[in-house]
Amino acid sequence: MTACRVAALWLAGTVALALGGCAVATAPIRGDPLEGMNRAVFSFNEAIDDALLEPLATGYQAVLPQFVRMSIDNFFRNFNDGWSAVNQLLQAKPAAALEMGLRFSVNTVFGFGGFVDIAGAGIERRPEDFGQTLGRWGLPPGPFLVLPLLGPSTLRDTTALALDLRALPGAFLEQPERFAVDTLQLISVRAGLLSTTRTLDEIALDKYSLIRDGYLARRRSLVYDGDPPEEPEEPSDNDATEAKPPK
């Protein structure tokens with residue numbers, strides 16, 4: 001597992017899922033038992049991004065024209081479409097798996113290996129990963145975790161990473177091609193999130209809490225295909241006091 005491959009997942013999870021989750025969060029997230037450790041790792045990840053990743057992405061965006069960056073992004077997303085089709089099949093969603101498989105095939109064959117998103121005109125992208133597959137079959141998320149370089153996760157999603165990482169383009173190559181492709185994916189992902197991270201920095205009073213709550217809410221929404229059931233309310237202190245039998 002290379003650092004570039006890990007960092008690409010971290011960036012995608014940290015920003016895209018976190019901010020996407022803000023739209024679906026309807027109640028406070030339950031306790032974060034490892035918050036002290038998670039905050040320390042979160043600060044480490046932020047320092048790496050500030051010192052290295054964001055400057056690289058800024059330069060990449062300034063040098064390459066938009067259509068070139070879009071083509072590179074399409075290529076990496078096409079790989080994810082293929083992995084999504086596999087996970088939809090594992091989740092017993094044959095129609096969705098067929099649709100995503102068709103999208104992957106059309107873009108691979110007629111879109112010059114995925115650099116052109118031809119199927120995007122008629123087939124909606126529905127990303128799935130192995131963490132969602134485990135959740136689909138009832139495995140609970142477990143405690144929230146912030147992993148070094150990977151960023152926000154849960155115990156379930158961390159377990160699923162072993163397979164999710166194997167679906168990245170670099171996993172199919174040998175060195176030094178693997179390092180080159182992983183580096184390109186890292187920079188492409190980070191460049192696409194520059195404006196989003198700047199907005200997050202501006203609006204977040206507590207960036208860690210916003211990302212944690214958004215990530216957990218978004219992941220829960222994804223597992224239930226956008227229609228999660230209501231979570232049972234936690235008993236309040238007053239409820240616990242009223243439940244005690246009189247002496």
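Okay, let's start with Asp157: it is buried, because its relative accessible area is 5% and buried means under 20%, with exposed being over 50% and partly exposed in between (1.4 Å probe, protein chains only). Asp157 sits in helix α6. Helices here (H or I, at least four residues) and strands (E, at least two) are DSSP runs, numbered from the N terminus. So who does Asp157 touch, leaving aside its neighbours within four places in sequence? Asp157 is in contact with Gly131, Tyr215 and Arg219, where contact means heavy atoms within 4.5 Å.

Quick note on what you're looking at: this is a predicted model, where local features need pLDDT of at least 70 and side-chain atom pairs count only at pLDDT 80 or more, while totals for chains, interfaces and linings use all residues. Residues are numbered from 1 along each chain as its sequence is written, and side-chain values use heavy atoms, with hydrogens and water left out.

Now let's zoom out. The chain has 10 helices and two strands. Reading from the N terminus, the order goes α-α-α-α-α-β-β-α-α-α-α-α. Of the 247 residues, 41% are buried. And if you take the contacts with a separation of 6 or more, 72% of them are between residues 24 or more positions apart.

Next, helix packing. In general, two packed helices are described by the angle between their axes and the distance between the axes. Take α2 and α7: their axes come within 8 Å and cross at roughly 85°. Those axes are lines fitted to C-alpha atoms, for helices over the stretch in contact, and the angles run from 0 to 180 degrees between N-to-C directions. What do we call that arrangement of α2 and α7? The two helices are roughly perpendicular, because 65 to 115 degrees counts as roughly perpendicular, under 35 as roughly parallel, over 145 as roughly antiparallel and the rest as oblique. On the α2 side, the contact includes Leu53, Leu56 and Tyr60; on the α7 side, Leu184, Ile187 and Arg190 are among the residues involved. Sorted by class, this contact has eight nonpolar, two polar and three charged residues. For that sorting, Ala, Val, Leu, Ile, Met, Phe, Trp, Tyr, Cys and Pro count as nonpolar, Asp, Glu, Lys and Arg as charged, and the others, Gly among them, as polar.

On to the rings. Rings of Phe, Tyr and Trp (its six-membered ring) pair if their centres lie within 6.5 Å, and planes under 30 degrees apart count as stacked, over 60 as edge-to-face and the rest as tilted. By this rule there are seven aromatic pairs. One of them is Phe42 with Tyr208, an edge-to-face pair at 5.7 Å centre to centre with 80° between the planes. Phe42 is in α2 (residues 35-63) and Tyr208 in α9 (residues 207-223), so we have a link between parts of the chain 166 residues apart. Both of these residues are buried.

Then there's Phe79 and Phe172, a tilted pair, because the ring centres are 5.9 Å apart and the planes sit at 45°. Phe79 is in α3 and Phe172 in the loop between α6 and α7, so this pair ties together parts 93 residues apart in sequence. Phe79 is partly exposed at 26% relative accessibility, whereas Phe172 is exposed at 58%. These two also belong to one aromatic cluster with Phe75, Phe76 and Phe115.

Last topic: charges. Side chains of opposite charge can pair when their charged atoms come close. A salt bridge is a side-chain nitrogen of Lys or Arg within 4 Å of a carboxyl oxygen of Asp or Glu, and the whole structure has 18 of them. In one, Arg103 meets Asp81 at 2.9 Å, N to O. Arg103 is in α4 and Asp81 in α3, so that bridge ties together parts 22 residues apart in sequence. Both Arg103 and Asp81 are buried. Another bridge joins Lys93 and Glu128, with the closest N and O atoms 3.4 Å apart.

Where is Glu128? Glu128 is in the loop between α4 and α5, and it is buried, with a relative accessible area of 7%. Not counting residues up to four places away in sequence, Glu128 touches several residues, including Trp83, Asn87, Lys93 and Asp225.
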